[in-house]
Amino acid sequence: MLEVLRSMLFVPGNNPAMLQNAGVFGADAVILDLEDAVAPREKDAARFLVAEALRQVDFKTSARVVRINTLDTGGAEDLRRVVSCAPAAVLVPKVQSASDILAVAGLLETLEQPGQAPVQIIALIETPRGLAEAYSIATVHPRVIALAFGAEDYTAAIGAKRTKEGLEIISARGVLINSAAAAGVAAIDTPFTDINDEAGLRADVALARQLGYKGKLAIHPRQVDLIHEVMNPSVEEIRWAQRVLAVLRQAEQEGAGAVSLDGKMIDAPIELRARHVLKLAENIPAGGAEQ
Amino acid sequence: MKSAVGREVPATVVGYGPVTAYAGAFQTPQPERRYAPMMKQARPGDDKVLGSLAEAFRRIPVKDGMTLSFHHHFRNGDGVLNLVLAVAASLGRKNLNIMISSIFPVHAPLIDHIKSGVVSGLDTNYISGPVGRALSLGVLANPVIMRTHGGRARAIEAGQARVDVAFIAAPACDRYGNVTGTMGPAACGSLGYAMPDAEYADHVVAVTDYLIDYPLAPVSIPQTRVDYVVKVEKIGDPKGIVSGTTTITKDPVGLKIAQSAANVIAASGLLKEGFSFQTGAGGASLAAADYMARIMEKRGISGSFAMGGITGYLVNMLDRGLFKRIIDVQDFDLEAVKSLATNPNHLEVSAGYYANPFNAGCVVNMLDTVILGATEIDTDFNVNVTTGSDGIIMGGSGGHSDAAAGAKMTIIVANLLRGRLPILLDKVLTVTTPGETVDVLVTEHGVAVNPRRNELALRLREAGLPVRDVQELKALAEKMAGVPRTPVFDGRIVGVVEYRDGTLIDVVRQAGG
């Protein structure tokens, strides 16, 4: 369920109508949010709603992720209420260090029901300290499957002004993608916050993709299709990936060692990229080209 | 007896007369002859301008029991119905029959005129606001006649609805009675729904607040049918006429549905050079039109015509060359009004030209596709846009049944759940538009195709669209919201739902009684 995460759509955990419809937008994952979207006095009602939604609502093809609060602001209670409802993962906010992850993982182990698939962890990196620790955060526990970047809090902490162009976060985006790649986990880019700026979103997703990100957080359903459109491989890329794998298969059958395509060596990273392209291509609906 | 959609309709309805039951969308033959309207005469030197509405009442004269007609191009900004009825009340007129193409919240004073006996009959195509509630609760002794836009034109042309006096709200008028909707403080654009009234009414009064020099041009309603011109201070509130706020919906679920509707059109095989299209002016319909425009641009297609409630969005599509013509019976914003006034490819047409099933060809017959809404739809694809689930009248066909009957593909867009209620049911409360004229239901949870259109279902499936059986969609809705209790209304008949051909498709019974 969490293999392809082009888009992860935030849905306020205290809004029944939005929870009910969260699955209709085709996001690769929905993030049922108990943290920033929910006012402190509404946290308890939201926990109840999110737990019920996990039990009752058909989220269709979207993986179910819950953003909990930090453990010192109610996250432990969040976990007690939602883990037994079998979310695919929890998104842990403001992760500062590997020990934060170990604490969450420990709670998950005690709360999971016998036979339940392990709940995975996505670490939201949104502080300078968290970014400095990103690699150890990503490698400290096998449950960690992705690092996600939250640029709003991060830029505030480093004293920079957040802009649409994002020059102020270019190095942070680079560090995060490198940490994730080194750890062998996915990297999910920060959301684009102006929901009415389609061109701005397009440029921002294209930049993230160019930097190596395979996914992006979305704060509005309208962003999902556009994120997919930009993150999806082009027809040329799909054809290239198919040719790479065909050449590899042929080489395997013939027992050949090193192989090349169009004069370029096919090494492990190229094979990996080709396989990822084809994985993404499986998710493009037939009518998708016109969306 | 039963109408062809399985609804019990009486052989006679008190206050309406003998009933012909709906037998199928194209099963009832047309009458042999049109009704012949009055010959008229004006002599050189005659002055049509009268000092007041009361004077018009005296000159005609307006008598008790007469039928007065009105158009609804001013929508919720209309001032003319209220003005005329206030005069009727002050002159002590009783038992008037009011024939108005649509009723809006601004027409709430109508309720008191009904209670006081000034008004005893109502004939309309659409009702929103307090009048619908009052009618449903039984304020009017006679049933309200609910028609379609095309059906109203047919009824007038056939003489089944005879208008004694048409009061035509005239945004601009000259002294000799030529009228246009494209100028003046209450400019509303097309006057299409007023045209049958002007042509067939025994007496025609143009009511204006913008009297200009003779001869006015271009003419929508001609001097040859207008008997009197009355200038009043104000005929309407521009804010309610062209609000300028018709914009694409921002509701994410609405957008999702709109996009699916556009994808259905793209996959239907109809979206090719010469494509024709009708949509409403609601935010979701506009969103669908916008998605469709993008697909047309990508494919390099230009359509033949667009029609429906015309907005700046459709005008923009005309200007971009996506359509060659706009055929216009009603406008919703100032860009549409301006375009009608200036663009020769923007055509003003009458309600009969638009949708009367009994002429030698109305425009809806030339539609490839139409996108329409629904308050309820059932598994036979019958659509209710007349009553809410509480039995209260809150709409009506307008052009719904007309466009559905004419178009090659009729798409209904609706949220599968509205509030906590599924909109997809075994039986709709009131049948407005018969299922045989409806082809596709598009919801946020998938698309259902009328079993009569298996080839279309196949095309949509091949294109990868989420086509589901209509029963499966209904089950899904009930899984989420539970099975709604079916309300039963068995009071007296407070409304009759006339199909466009003049047959009765359903009745509305008193609610909350």
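User: What mean pLDDT does chain B have?
Analyst: This is a predicted model, so confidence comes first. In chain B, 99% of the residues reach a pLDDT of 70 or more. The mean for chain B is 95.

User: Are helices α11(A) and α12(A) parallel, antiparallel, perpendicular or oblique?
Analyst: Helix α11(A) spans residues 235-254, and helix α12(A) spans residues 268-281. Their axes lie 9 Å apart, at an angle of about 125 degrees. Perpendicular ends at 115 degrees and antiparallel starts over 145. The angle therefore makes α11(A) to α12(A) oblique.

User: Which hand does the crossing of α11(A) and α12(A) have?
Analyst: The angle between these two helices is about 125 degrees. The crossing of α11(A) and α12(A) is left-handed.

User: How many nonpolar residues does the contact of α11(A) with α12(A) have?
Analyst: From α11(A) come Glu237(A), Ile238(A), Ala241(A), Val244(A), Leu245(A) and Leu248(A). They meet Ile270(A), Glu271(A), Ala274(A), Val277(A), Leu278(A) and Ala281(A) in α12(A). By class, two residues are charged, none is polar, and the nonpolar ones number ten.

User: Which element gives the most to the side of chain B that touches chain A?
Analyst: Here 16 residues of chain B are in contact with twelve residues of chain A. Two elements of chain B give two or more residues to that side: α8 (252-267) and α9 (283-299). With eight residues, the element that gives the most is α8(B).

User: How many charged residues are on the side of chain B that touches chain A?
Analyst: That side has 16 residues of chain B. Nine are nonpolar and four are polar. The charged ones number three.

User: Which are the edge strands of the eight-stranded open sheet in chain B?
Analyst: The order is β17-β16-β15-β14-β18-β21-β25-β26, with mixed pairing. An edge strand pairs on one side only. In chain B these are β17 (346-348) and β26 (446-449).

User: What is the bridge partner of Gln278(B) in β18(B)?
Analyst: Strand β14(B), residues 276-279, runs parallel to strand β18(B), residues 369-372. Three bridges join the two. For Gln278(B), the partner is Val370(B).

User: At what angle does helix α11 of chain B run to β16(B)?
Analyst: Helix α10(B), residues 312-319, packs on the sheet and touches β15, β16 and β17 of chain B. Its direction makes about 160 degrees with that of β16(B). Helix α11(B), residues 334-342, lies across β15, β16 and β17 of chain B. The angle of α11(B) to β16(B) is about 115 degrees.

User: What is omega for the cis bond between Ile60(B) and Pro61(B)?
Analyst: Pro61(B) sits in the loop between α1 (53-59) and β4 (67-70) of chain B. A cis peptide bond joins Ile60(B) to Pro61(B), and its omega is about -20 degrees.

User: What is phi of Asn95(B)?
Analyst: Asn95(B) is in the loop between α2 (80-90) and β5 (96-100) of chain B. Most residues other than glycine have a negative phi. Asn95(B) has a positive value, near 55 degrees.

Key:
Residues are numbered from 1 along each chain as its sequence is written. Chains are lettered from A and ligands numbered from 1 in the order in which they are written. This is a predicted model: local features need pLDDT of at least 70, side-chain atom pairs count only at pLDDT 80 or more; totals for chains, interfaces and linings use all residues. pLDDT is the predictor's confidence in each residue, from 0 to 100. Axes are lines fitted to C-alpha atoms, for helices over the stretch in contact, and angles run from 0 to 180 degrees between N-to-C directions. Helices (H or I, at least four residues) and strands (E, at least two) are DSSP runs, numbered from the N terminus. Angles under 35 degrees count as roughly parallel, over 145 as roughly antiparallel, 65 to 115 as roughly perpendicular and the rest as oblique. A crossing is left-handed if the near helix is turned anticlockwise from the far one by less than a right angle, and right-handed if clockwise. Two residues are in contact if their C-beta atoms, placed from the backbone, lie within 7 Å. Ala, Val, Leu, Ile, Met, Phe, Trp, Tyr, Cys and Pro count as nonpolar, Asp, Glu, Lys and Arg as charged, and the others, Gly among them, as polar. Two strands pair if DSSP finds at least two bridges between them.
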